[in-house]
Amino acid sequence: MEEIQSQSDNYRSSSSSASSPASRVPSSNFFYLRKPGSLRQPISFEDSPEWDDTDIDVRVEEGGDSINVATTPASPSLSKLNSGSLPSPRLPEGAVIPRKIAGASVAWKDLTITIKGKRKYSDKVIKSSTGYALPGTMTVIMGPAKSGKSTLLRAIAGRLHPSARMYGEVFVNGAKSPMPYGSYGYVERESTLIGSLTVREFLYYSALLQLPGFFCQKKSVVEDAIHAMSLGDHANKLIGGHCYMKGLPSGERRLVSIARELVMRPRILFIDEPLYHLDSVSALLMMVTLKRLASTGYTLIVTIYQSSTEVFGLFDRICLLSNGNTLFFGETLACLQHFSNAGFPCPIMQSPSDHFLRAINTDFDRIIAMCKNWQDDNGDFSSVNMDTAVAIRTLEATYKSSADAAAVETMILKLTEKEGPALKSKGKASNATRIAVLTWRSLLVVSREWKYYWLHLILYMLLTLCIGTVFSGLGHSLSSVVTRVAAVFVFVSFCSLLSIARVPALMKEIKIYACEESNQHSSTLVFLLAQLLSSIPFLFLISISSSLVFYFLVGLEDQFSLLMYFVLNFFMTLLVNEGIMLVVVTLWQDVFWSVLTLLCIHVVMMLSAGYFRIRNALPGPVWMYPMSYITFHTYSIQGLLENEYLGTSFAVGQVRTISGFQALQNVYNISPDSSSKWKNLLVLFLMAIGYRIFVFILLCFLMGRKISLRKCFKCNRDTTDSS
């Protein structure tokens, strides 16, 4: 305690000179605090805040949808304006006020979360956290990096990682029942959007995926979400832009990701880091929009790493975390008094959130060590001379014995002593509707994504044109058999290799699926069926255009039935190849490692396809069994050669002739059976289905656990380094 007191006195002395009236500059009213009330109420600037006590009265109405909160003079809060004032950001002229929403109260009591191996010295990520959030208010969870903000948010929302264990209780309207579908929305820190859709299109497709009912009813829901997030000016703009027009700024993109959850009209909204990668102006616009949204009745719980002074004034309540410990929970203004009571008053010329994080972020200890013997322009580097570990212990001990902690316990008792109206689950769109919506949305994306699709088609045409011209004019003599086999092998192998260029597009599809599946907007089976249906037209367009160019340039058998088999065989080859890419992309979830793995797989398959060395002559272990049997090149090339040569004959001299099967015996292994080519086509079809079943299993396992091969290797490397 003597150490804590000495450190506290040391820091108080370093900051008192900055906060004393004698040292203040009268014209620099730096630090403002928002008085409780309307959003349009002016923001007050104070040099000497006066703190009063308040009581909060909570009443649960019978048969009502929300908890009414009556607040009498704040606890503690500022009571008067005595300096200059600036108006708060005003609503745009002509803005549509969102409809009122009946929110729900959320309370968590003694919440402890453990994740094995997450912390260096302890598995407890969150330690006995207690707090609440009320309808019509915005509760902010703040703290330095790795303090447990996102973990606490996920725990309250019921979205913890399967490896995490939660102890404690979470109440929604006084009941411990989990939140049903549609009653809450959750916005991840990094949401995946579809850049080739406009804001209105993106939200409309999200509404079709989430809500049952008629299409016309969902248009009004989408418009409400657009107005609620102030996206009216951007509604018809492409999210990602195109070749000559920029996409939406990062701030508007975050608003779109929030609007996607508002389509469901939830009562509670969880937002992880809404200010992530936003500049100060965008951050203020974001928080003003969220504050206005909360005023319509939503219960907002958000996490924030750091905020400006203007943004800080918009918070209703703050939960301050450091290393999983709750250092304060209560009204925003009371947090300043709490720090002052603990011996760490906020200097006048410093932002409150900066001051809080400076006091509780252990990373500052490294700065203290670096600057220990360093002198700044004013002489003593006194603004960083506080031990953060001591400050954390002091703040935690002060909070546990304070009236604020007792007030939180009293509020929790009031919120949980009687159950309010239960949240009802909202209906979902049927799986058939979701498959149709995802298929149509993917087809629309294909038509607009020139970089991943139309450019890809052009490259296929150029490649087949090159191959066809190299192997053109072969004729139909016996001497052309070897060269013709080489042409078929090059066509199948190189075109399959070129399809790796679609890895980034598949990666985007997987990320979009993961985002939608986490919010129950889609499912694994729905995604795979829609992905298959939407890829069929594009792959068929590639197969028929490439096959026609190659077929006629090389001069294969001039029969329509043989041409149609060639197209169908190549189409199934592309379908199998896309299944392999889906498997690899799902496993790695990284473009670089996926491309590298696919290149290795294709090289090995080309070596075991039976062209460089005839299949029967391949070494038995590995290359003959199993590689040549699981290589799709084998069945594709074999089927195309059987389609070309079975039923044909070649003259040897003037008397003798040999069949096409005999001509290929020493070049490539094929079957003399006339139905063999259809068997090869069936094998390709079964491979395409089998790979997608494997993807289904991987998605159910990996996405449910939020892991990938890249993350597994990273975790193993980190474990090795730490040991």
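**Ground rules.** I keep in mind that this is a predicted model, in which local features need pLDDT of at least 70, side-chain atom pairs count only at pLDDT 80 or more, and totals for chains, interfaces and linings use all residues. Residues are numbered from 1 along each chain as its sequence is written, and side-chain values use heavy atoms, with hydrogens and water left out.

**Overall.** I noted 24 helices and 20 strands in the protein. Of its 723 residues, 52% are buried, a word that stands for under 20% relative accessible area, with exposed meaning over 50% and partly exposed in between (1.4 Å probe, protein chains only). I also looked at contacts (heavy atoms within 4.5 Å), and among those between residues at least 6 apart in sequence, 76% join residues at least 24 apart.

Arg265 has a positive phi of about 55° although it is not a glycine, and because its relative accessibility is 24%, Arg265 counts as partly exposed. Glu273, in the loop between β13 and α6, also is not a glycine and has a positive phi of about 50°, but at 10% relative accessibility Glu273 counts as buried. Elsewhere I found a cis peptide bond from Tyr625 to Pro626, with omega near 5°, and I placed Pro626 in strand β18 (residues 625–626).

**Helix α6.** I followed the chain into α6 (residues 280–294), whose 15 residues reach 21 Å from the first C-alpha to the last, close to the expected 21 Å, which is 1.5 Å times one less than the number of residues. At the start of α6, a side-chain oxygen of Asp279 comes to within 3.1 Å of the backbone nitrogen of Val281. How many of the residues of α6 are buried? I found eleven of the 15, and the buried ones include Met286, Met287, Lys291 and Arg292.

**Cores.** I then turned to the nonpolar cores, each a set of buried Ala, Val, Leu, Ile, Met, Phe, Trp, Tyr and Cys residues joined through side-chain atoms within 4.5 Å. The largest has 117 residues, and Phe270, Met287 and Leu320 have the most contacts inside it. Apart from that core lies another of 78 residues, among them Leu463, Met572, Leu640 and Val667. For Leu320, once neighbours within four places in sequence are left aside, I listed contacts including Met142, Phe328, Cys335, Phe339, Phe356 and Ile360.

**Record and segments.** The unreviewed UniProt entry lists "transmembrane region" for residues 452–475, 481–504, 525–554, 560–584, 591–614 and 681–704; its positions are given in the numbering used here, feature names are shortened, and annotations may be inferred rather than shown by experiment. I checked residues 560–584, where the chain is 100% helix and 0% strand, with end C-alpha atoms 37 Å apart. Over residues 591–614 I found 71% helix and 0% strand, with the end C-alpha atoms 34 Å apart.

Last, I looked at strands β19 (residues 649–652) and β20 (residues 656–659), which run antiparallel and are joined by four bridges, where pairing asks for at least two bridges found by DSSP. Val652 has Arg656 in β20 as its bridge partner. Three residues stand between the strands of this hairpin, and Gly653 takes a positive phi near 75°.

Definitions and conventions
Helices (H or I, at least four residues) and strands (E, at least two) are DSSP runs, numbered from the N terminus. A polar contact is a pair of N or O atoms within 3.5 Å; within protein, one must be able to donate a hydrogen and the other to accept it, and residues adjacent in sequence count only if both atoms are side-chain atoms.
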